[in-house]
Amino acid sequence: MPLVVPGLQSKDGASSSGDDWMNKLMGKKIGETSDTTTFAKQELPKEHRVIKEGDMASMDFKPDRLNIHTAEDGTVKKVQFG
């Protein structure tokens, strides 16, 4: 029986890594509204955190939490679940 983790599988059962979110977020900034250079914070999954370059983050692993790593200027440079 396959492992089922809430929030990490699509409706058809296909596993979803951070790749889908990486395609949506890479090179953009997180803000209040969406446009060509910004992604609206309210469109992110409920379980998420934005980690700015140089910030400390806990090492706890939550498979359904989206971690968004940003550069100093706020541009998304890495996206992963955990």
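Biologist: Where is K28 found?

Modeller: K28 is in the loop between α1 and β1 (29-31). Helices (H or I, at least four residues) and strands (E, at least two) are DSSP runs, numbered from the N terminus. Keep in mind that this is a predicted model: local features need pLDDT of at least 70, side-chain atom pairs count only at pLDDT 80 or more, and totals for chains, interfaces and linings use all residues. Residues are numbered from 1 along each chain as its sequence is written, and side-chain values use heavy atoms, with hydrogens and water left out.

Biologist: Is K28 buried, exposed or partly exposed?

Modeller: K28 is partly exposed, at 22% relative accessible area. Buried means under 20%, exposed over 50%, and partly exposed in between (1.4 Å probe, protein chains only).

Biologist: What does K28 touch?

Modeller: Leaving out residues up to four places away in sequence, K28 touches D35, T36, T37, T38, F39, G74, T75 and V76. Contact here means heavy atoms within 4.5 Å.

Biologist: Switching to rings. How many aromatic pairs does a search of the whole structure find?

Modeller: One. W21 and F39 form an edge-to-face pair, 6.0 Å centre to centre and 85° between the planes. Rings of Phe, Tyr and Trp (its six-membered ring) pair if their centres lie within 6.5 Å; planes under 30 degrees apart count as stacked, over 60 as edge-to-face and the rest as tilted.

Biologist: Which parts of the chain does the pair link?

Modeller: Distant ones: W21 is in helix α1 (residues 19-25) and F39 in strand β2, 18 residues apart. W21 is buried at 14% relative accessibility, and F39 is buried at 8%.

Biologist: What sits over the ring of W21?

Modeller: The charged end of K24, 4.4 Å from the ring centre. The test is NZ of Lys or CZ of Arg within 6 Å of the ring centre and within 35 degrees of the ring normal.

Biologist: Which residues make up the largest nonpolar core?

Modeller: Nine residues: W21, L25, F39, L44, L66, I68, V76, V79 and F81. A nonpolar core is a set of buried Ala, Val, Leu, Ile, Met, Phe, Trp, Tyr and Cys residues joined through side-chain atoms within 4.5 Å. β5 gives the most to this core, with three residues.

Biologist: And L44, what does L44 touch?

Modeller: Not counting residues up to four places away in sequence, L44 touches W21, L25, I30, F39, L66 and I68.

Biologist: Now the sheet. What order do the three strands have?

Modeller: β3-β4-β5, in an open sheet with mixed pairing. β3 (48-52) and β5 (76-81) are at the edges with a single partner strand each, so one side of each has no neighbour in the sheet. Two strands pair if DSSP finds at least two bridges between them.

Biologist: How many bridges join β3 to β4?

Modeller: Five, and these strands run parallel. H48 has L66 as its bridge partner in β4. Five bridges also join β4 (residues 66-70) to β5, but that pair runs antiparallel. There, I68 is partnered with V79.

Biologist: Along β3, which side chains are buried?

Modeller: R49 and I51, which point to one face.
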